[in-house]
Amino acid sequence: MSAPILTKDPVVKDRRPRRPRAGAPHLPDGEFGKNLRRNITAHGFLIGAVLCFAFFSWYPIVREFLLAFQKTEDGNVSWVGWDNFVTVWNDPAFGQAWRNTLWFTVLALILGFVVPFVTALIINEFRHGQGYLRLLVYLPVMLPPTASVLLFKYLYDPGYGMFNEMLGVFGVPAQQWLQDPDTAMLSVVVASTWMNMGGATLIYLAALQGVPGELYEAAELDGAGLLRKVWHVTVPQTRLILLLMLLMQIIATMQVFIEPFLLTGGAGPEGSTTTVVYLIYQYAFNFNNYGAAAALGLLLLVLLAGFSAVYTRLNRAEQD
């Protein structure tokens, strides 16, 4: 029996350590060096993200803090201490802007917090077609905010708006939705709720679909109705999501600007829709007083940061 014929020489791997190429960066040896070589690509992406975040988030915060204590005239910057804060505090529109902002936040939480949750409860009951319903609910979020606001401005028109046309069917006289100080803020809240409820609804819906069905079955066996099942099963099971969304919505509504600016021109009738952010806009771009604008923005930042810190502390203490 003849021996097998080898057509190729066996490949022998060179196990000698490779020398680094000329000009290549030298990485440290040991366990740290191995981890660094293994994760160097991830670290590169992370550094890029941190630089972008620092440039577009941290730098504006630091710059705003400095501007709040400075005054710029004819290109000359001077330190003025607390003068910008005194100017903002003595402005007659200061108190009204804060009251309007808080009132908008309260109304937006009543509508913008309850309506998405109820909508998610309704969608969750459908066995078929949930995908189409989710798309329908999220569609307003995909529209440009300016287009959505202008749509509501057309609907609110006192002459040919659809809302007044609907009231006319029932014999109700036409309303001055955006021109009346009593209804201007509520009209802004309704438009804002319709524009932004899609994202919250999908988050609530995802949380609801994670609730075990056995809990509802046990509640039904105990004779619980729809409201009792929602209060004793749904709410406790989605409590963390509800609290997180509450915090996020408070922070977002305290910074409202686009809706009142486009619907009522910002100030609204008798200043009824003047918000803190719109007042910041006026200081910066109408009065060219960037120091006062930065001071008011810093006050808003401190208020929201303090509220977030207190909320986090209370939530952590309750969990412990």
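Helix H1 (residues 30-67) supplies the largest share of the nonpolar patch, namely five residues. The model described here is predicted. The patch lies on the surface and is formed by Leu46, Val50, Phe53, Trp58, Ile61 and Leu301. Together, these residues have about 560 Å² of accessible area. Phe53 is found in helix H1. Its relative accessible area is 44%, so Phe53 is partly exposed.

Helix H3 covers residues 92-124. At 1.5 Å a residue, its 33 residues should span 48 Å. The end C-alpha atoms of H3 are 48 Å apart, which agrees with that expectation. At the N-terminal end, H3 is capped by Asp91. A side-chain oxygen of Asp91 lies 3.1 Å from the backbone nitrogen of Ala93.

Side chains of opposite charge can pair when their charged atoms come close. The structure holds one salt bridge. Glu220 and Lys229 form a salt bridge, and their closest N and O atoms are 3.1 Å apart. This distance is within the 4 Å cut-off. Glu220 has a relative accessible area of 47% and is therefore partly exposed. Lys229 has a relative accessibility of 15%. Buried means under 20%, so Lys229 counts as buried. The salt bridge thus joins Glu220 to Lys229, with Glu220 partly exposed and Lys229 buried.

Conventions. Residues numbered from 1 in each chain as written. Predicted model: local features only at pLDDT ≥ 70, side-chain atom pairs only at ≥ 80, totals over all residues. Heavy atoms only, no water. Patch = residues over 30% accessible without salt bridge, like charges linked within 9 Å, V, L, I, M, F, W, Y side chains within 5 Å. Areas by Shrake-Rupley, 256 points an atom, 1.4 Å probe, with all protein chains shown as cover. Salt bridge = Lys/Arg side-chain N within 4 Å of Asp/Glu carboxyl O. Helix = DSSP H or I, 4+ residues; strand = E, 2+ residues; numbered from the N terminus. Buried < 20%, exposed > 50% of the residue type's maximum accessible area, 1.4 Å probe, protein only. Expected span 1.5 Å × (residues − 1). Polar contact = N/O pair within 3.5 Å; in protein donor to acceptor, adjacent residues only side chain to side chain.
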